[in-house]
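Subject: Structure handover

Hello,

Here is the structure I promised you. Please open it next to this email and follow along.

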Amino acid sequence: MNKSLYITNTLSKKKELFEPLNSPFVGMYVCGPTVSGESHLGHARPYVTFDLVYRYLTHLGYKVRYVRNITDAGHFEEEGRESEDKVNIKAKLERIEPMELVQKYTNLYHDMMDLLNCERPGIEPTATGHIVEQIEMIKIIIAKGLAYEVNGSVYFDVTRYAKDNDYGKLSGRVIDDMIAGSRELDGQNEKRNAADFALWKKAPPEHIMRWPSPWGDGFPGWHIECSAMATKYLGATFDIHGGGMDLLFPHHESEIAQSKTVSGKNPVKYWMHNNMITINGRKMGKSYNNTITLREMFFGGHQLLERGYDPMVIRFFILQTHYRSTLDFSNEALQASEKGLQRLLNAFESIDKITPATESSVELEKIRTDCYKAMDDDFNSAICIANLFELARICNSAVDGTESMTKEDIDNAKEIFDTFLYQVLGIKAIKKDVSGDMESLMKIMLSIRDEAKQKRDFSTSDKIRDELQKLGIAVKDTKDGATWSKN
RNA sequence: GGUCGCGUGGCCGAGUGGUUAGGCAGAGGUCUGCAAAACCUUGUACAGCAGUUCGAAUCUGCUCGCGACCUCCA
């Protein structure tokens, strides 16, 4: 088992040696989507990031239990601007059952994740499926004196909790500052303190999604679902909790408070947070009205997109940046990633063309070691990819005959690509659907072109190539005859 | 306003005290009937100012610019 993986822990803000609580088992919880709308490019970041984490840990031999929730209860507007949740509002607009809406977007989300080649989590619990667990948890918190009921709603008493616990440690908040700096908003009056947050919210009569509870009909607060589901499936203390940096406060901070109140233990050993995707330097988010849905990303149709991009290009684009850095979106950057990825994939394909040499002029072991080193350093996929480009260069040179690779080198090169590009980074070859008819037609076209070339009738051969190019079919002449590929 | 973070060559992006990151684009070359691909060569980069140091993009301070969280958000 690898003993040199370092992970940046948001809790300590340092890179820490990864030592699972109960090796080789690893428990990982990742905050999943609220399925009240379509997934956008911003959503792709955490799921690709933690897919990378999951894949690498699995590659190292850990047995990972990967839990990623679906928030299908919707969140009410916490500070009481409106006491309706998002699912409710949307369901009314679309004149359908809330669960119908939730199902629709869950399905769509799954489709998008599949296209991005994100492994499905081992357990994907839903908030609505764990109302009982959430209510039980709230009861315990009340029993411990850290929550209070007002008019059918239950609030967590942050001030009281903070007396004996370090509320704010994860996000670097100081509770007095928070109270002093908080704004006066309607609906806050039920709370004893501005810093308190809701565990259970009373449902107004028009609210469709509602459940009976000891405090009357209502629905769970924003943070309790993650505490309840993580505890249920991973225990009171588990290894890794992941999510976007924007969830640090108040979501994850509150999650710690809830879980710790119930179990008496810190719930998570390593907190991991991915950074945001920006567009024109600004975070991509609903409130900025600058989101590009994944569907638009893949198939085109958004005004900021020149065209659609293959899901693998999006995945590669995300992985070319370290997960803790912001990633700036642009067509230019995306096209650079597209070409780069194609270069890697082509290099891998061309390995078979290498003639094995008796003596080697290349050093592949260093590349393998450097790939591991990069991944061990807080999952630095950007550096891992840089090493793969070096490997691509070596393979291409071997095809050209300027480097020599032995049979063993060739096997190693394939193995390194397979391990890192395909297994760990989760890239899969971009396959264009090409029918058998098309194969046959192209065979005919190329043989006609070849005949023209034999007769040095280049105007005909070039015409064939140019016309095919217009259809998105690239013809390339090589030593061994012409090849073609579809864009 | 409070807390935190960022500013790297045309673009995207690693790096963190001395040695080439990498990709894309651009320029020149090799190969080719031509192209494409591939290979080789090529870039006064580290917001500004001051300081620490033999040496700073990397540490410290200040200034400027940008962003995130504090309200649903990945």
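Which helices and strands each supply at least two residues of the lining of the second largest pocket? Before the answer, one caution: this is a predicted model.

The pocket

The helices are α9 (294-299), α10 (311-319), α11 (331-350) and α13 (381-400). The strands are β14 (473-478) and β15 (481-486). Helix α11 gives the largest share of the lining, with nine residues. In total, 44 residues line this second largest pocket. Look for Q342, N346, E349, K476 and S485, which lie nearest its centre. The space inside comes to about 1,700 Å³. Sorted by class, the lining has 18 nonpolar, 15 charged and eleven polar residues. Domain 2 (278-424) and domain 3 (436-486) each contribute at least three residues to the lining.

The domains

Chain A is assigned three stretches: domain 1 (21-274), domain 2 (278-424) and domain 3 (436-486). Take the centres of domain 1 and domain 2 over C-alpha atoms, and 34 Å separate them. These two domains also touch: 30 residues of domain 1 are in contact with 34 residues of domain 2.

The cores

Nonpolar side chains tend to be buried together in soluble globular proteins. Here, the largest nonpolar core has 128 residues. Its members with the most contacts inside the core are I240, M297, F379, L388, M405 and F417. Helix α1 (residues 41-59) supplies the largest share of this core, ten residues. Both domain 1 (21-274) and domain 2 (278-424) give this core at least three residues.

Zoom in on F417. Leaving aside residues up to four places away in sequence, F417 touches L344, A347, F348, I351, L388, L391, A392, C395 and Y422. Another core lies apart from the largest one. This other core has seven residues, among them M438, I464, I473 and V475.

One residue to check

Find V132 in helix α4 (residues 131-143). Is V132 buried or exposed? V132 is exposed, because its relative accessible area is 57% and the cut-off for exposed is over 50%. Now find P212. V132 and P212 are 80 residues apart in sequence. In space, their C-alpha atoms are 9.8 Å apart.

That is the tour. Send me your questions once you have looked around.

Best wishes

Key. Residues are numbered from 1 along each chain as its sequence is written. Chains are lettered from A and ligands numbered from 1 in the order in which they are written. This is a predicted model: local features need pLDDT of at least 70, side-chain atom pairs count only at pLDDT 80 or more; totals for chains, interfaces and linings use all residues. Side-chain values use heavy atoms; hydrogens and water are left out. A nonpolar core is a set of buried Ala, Val, Leu, Ile, Met, Phe, Trp, Tyr and Cys residues joined through side-chain atoms within 4.5 Å. Buried means under 20% relative accessible area, exposed over 50%, partly exposed in between (1.4 Å probe, protein chains only). Helices (H or I, at least four residues) and strands (E, at least two) are DSSP runs, numbered from the N terminus. Domain bounds come from an automatic or database domain assignment. Contact means heavy atoms within 4.5 Å. On a 1 Å grid over the protein atoms alone, a cavity is a set of points where a 1.4 Å probe fits but cannot get out, and a pocket is an open set with protein on both sides within 12 Å along at least five of seven lines; lining residues have an atom within 4 Å of a point. Grid points are joined across faces, edges and corners, and a volume is the space filled by probe spheres set on the points. Ala, Val, Leu, Ile, Met, Phe, Trp, Tyr, Cys and Pro count as nonpolar, Asp, Glu, Lys and Arg as charged, and the others, Gly among them, as polar.
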